Amino acid sequence: MDSLISTGLIGLSLGTQYALISIGFTLIFGIMGVVNFAHGGFYILGGYFAFTATTALGMPYVAAVVLATLATAVLGYVIEMIFVEKYVADHLATMLITLGIYQIMTTGIVLSYGAEPAEFRFPVAGSFRGPGFYVPYANLIVFAVCAAAIAGVYYLVFRTRYGIALRAMADDGPVARAQGIPPAKMFPMAFAIATGLAGLTGALVTPILALEPHGGESVLLKAFIVVILGGLGSITGAMVAAFGVGVIEAYSSVYLGGSKGALALFVLVVLILLVRPQGLFGTVARKA
Amino acid sequence: MSPHRHRDFKLDIWGVALVLPLLLVPLFTTSPLLNSLTYQAAIGVSAAMAVYVMLRMGLLSFTVPAFMAFGGYAAAMLAKSGVTTNLLALMAVSFIVPALVAIPLGTLVLRLKGVYFIFITFIFNEILQLILFETPTLTGGSDGISGVPPATLFGIDLGKPALLVVVTVVVCIVATLITLAVTQRWRAEFTSIEENETLAESLGVAVWKYRTIGFVASAGVSGLAGFSLVNMLSTAHPSSFASWSVNSYIAYAFVGGRGTMLGIAVGSLLLIVMTNVFSAYAHLSAGLYGILLLAVMMAAPSGLVGGVVQLVDKFRSRSRPAAAAPVQEKQA
């Protein structure tokens, strides 16, 4: 029973992390049609920025996380303006451009920090002990921060004029432009929000899991799984699917073992796609 | 039909021709560096050709490492079991097994649209890696299958270093010829799917059929590349088929030019040679590939060969306007 509740709580914590990463990923795709292969790179850069801020600059961890979020957001903004903006209409080009950027990022990290994992520890140790279960404080804190960030994103996207404009661009780009919504201003900001969210997640999670140059690859894979399940472009879908994936992964890792658990998850994705190719909340793409 | 069909066919033939001289390297030199470059190039070209087959339909498939693993492991198991080490049998198995796997997989993934297809093919690599780890009795798990006997042909042992390289190049030539046959036989159908799938369907092109043909052919060609790798190393190991290795094959295809087989061959040879020339900077190779991909996609989306072809076309059209004028006057 102990492990059942503990595992469930860890699954929820994983779910918030995946939700933060995947919301950003699906936001970029929904609004711009860009599949950002560098998304995992921004996650791991967030971790390294926070690591540098705490170790080299001696900043407190909270400030380091904020700095990492801002830094990855600014980097995302600049990258979108310079490399992605011009090629937004060509999906293959943007995929390969972001793939190239990811490779440059990981090589840059290896050159700057070395290939070995960095010693980056979460500042709060210990576990919260409840009736019949325990959860590390780190997971609880990450869960709380990620949940707050998700709430913030939801408010931005569904309650502000800017968010309405973003959703209009995602729904029907040409009509949104005809209504006066400028893609040249919306796209870089949307990209920055998404990469900032990835950086925030990286700064929070890498002290718990691992901070190493190729850590972004597994994150990208999770983002793929979550958005496939949730439906590309659907923020609600990404949220629901993220929690589903997090909980399934936690339970299958504990009760089936590492590789079998991951395999079970992948098989589940494939089965769901057999029945519903557009994902749980995605719309059937029109061919024309 | 593309007005450049004849020219593109010639460029495809040149792509095959570019690979042929690699046969001479192991026969005329014992230099380890040159032989290493040759077998790396042969395997790289084979894998990049598998990417090319799908690109002919405008599809970017990440399944190449997974199908390489199917082909490589199938050949390794057959050779190690003692049933046969005949080169032709091993090549056939390494082509057929991935092709057979691709048929049911294709029915699942090929009906997915655009990016869903790409995501699933990406995930498929990960699924295969996990399957390899979870089936140690069959595949050796994380240790792989080592001590794979070299191929033989009519009693001749092809295990000497020079002959191993020759076999790798021969397999590459076969893979290239299969790619040529498939992409030429169904060139019109593949091109129509690439240009406008909806229009192709409305004109009666059975899109699912040709996508499946391309997917199966790509799988088979990948399998041949996998067999080359396993035969060269005498080992089938999961790390040889890591999912991110597909980035290299994609880079070869796009840097060289994805429109013709010559581009694929040029891109593969160039990047493999560059990686070896700058071997002191091997840890930077991923970043350099990234920079090259960026540069190509932003400045020369048709790649090196495509870019040169465009320049030649531009030059020719500039030197033709005077010749075209009298024809127009006559028509008026």
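**Entry 1. Helices 9 and 10 of chain A**

I looked up how helix 9 (residues 216–230) of chain A lies against helix 10 (residues 235–256) of chain A in this predicted model. Their axes come within 8 Å and cross at roughly 120°. That angle makes helix 9 of chain A oblique to helix 10 of chain A. I noted the crossing as right-handed.

I then listed the residues that meet. Helix 9 of chain A contributes Lys222(A), Ile225(A), Val226(A), Val227(A), Leu229(A) and Gly230(A).

**Entry 2. The contact between the chains**

I turned next to where chain B touches chain A. Chain B gives 32 residues to the contact, and chain A gives 36 residues. On the side of chain B, the elements that give two or more residues are helix 6 (114–134), helix 12 and helix 14 (285–299). Helix 6 of chain B gives the most, with 12 residues. I recorded the classes on this side of chain B as 22 nonpolar, 6 polar and 4 charged residues.

**Entry 3. Helices 12 and 15 of chain B**

Helix 12 of chain B spans residues 246–256, and I examined its packing with helix 15 (residues 303–318) of chain B. The two axes come within 3 Å and cross at roughly 10°; the helices are therefore roughly parallel to each other. Phe254(B), Val255(B) and Gly256(B) in helix 12 meet Gly303(B), Leu304(B) and Val305(B) in helix 15. This contact has 4 nonpolar, 2 polar and no charged residues.

**Entry 4. Leu269(B)**

I checked Leu269(B), which lies in helix 13 (residues 261–277) of chain B. Leu269(B) counts as buried because it has 22 C-beta neighbours inside 10 Å, where 20 or more are required. From C-alpha to C-alpha, Leu269(B) is 9.0 Å from Gly256(B), and the two are 13 residues apart in sequence.

**Entry 5. The largest nonpolar core**

Which members of the largest nonpolar core touch the most other members? Of its 209 residues, I found these to be Ile23(A), Ile28(A), Ala190(A) and Val226(A), together with Ala48(B), Val51(B) and Ala253(B).

Technical notes:
Residues are numbered from 1 along each chain as its sequence is written. Chains are lettered from A and ligands numbered from 1 in the order in which they are written. This is a predicted model: local features need pLDDT of at least 70, side-chain atom pairs count only at pLDDT 80 or more; totals for chains, interfaces and linings use all residues. Axes are lines fitted to C-alpha atoms, for helices over the stretch in contact, and angles run from 0 to 180 degrees between N-to-C directions. Helices (H or I, at least four residues) and strands (E, at least two) are DSSP runs, numbered from the N terminus. Angles under 35 degrees count as roughly parallel, over 145 as roughly antiparallel, 65 to 115 as roughly perpendicular and the rest as oblique. Two residues are in contact if their C-beta atoms, placed from the backbone, lie within 7 Å. Ala, Val, Leu, Ile, Met, Phe, Trp, Tyr, Cys and Pro count as nonpolar, Asp, Glu, Lys and Arg as charged, and the others, Gly among them, as polar. A nonpolar core is a set of buried Ala, Val, Leu, Ile, Met, Phe, Trp, Tyr and Cys residues joined through C-beta atoms within 7 Å. A residue is buried if 20 or more other C-beta atoms lie within 10 Å of its own, exposed if 12 or fewer, and partly exposed in between; C-beta atoms are placed from the backbone. A crossing is left-handed if the near helix is turned anticlockwise from the far one by less than a right angle, and right-handed if clockwise.
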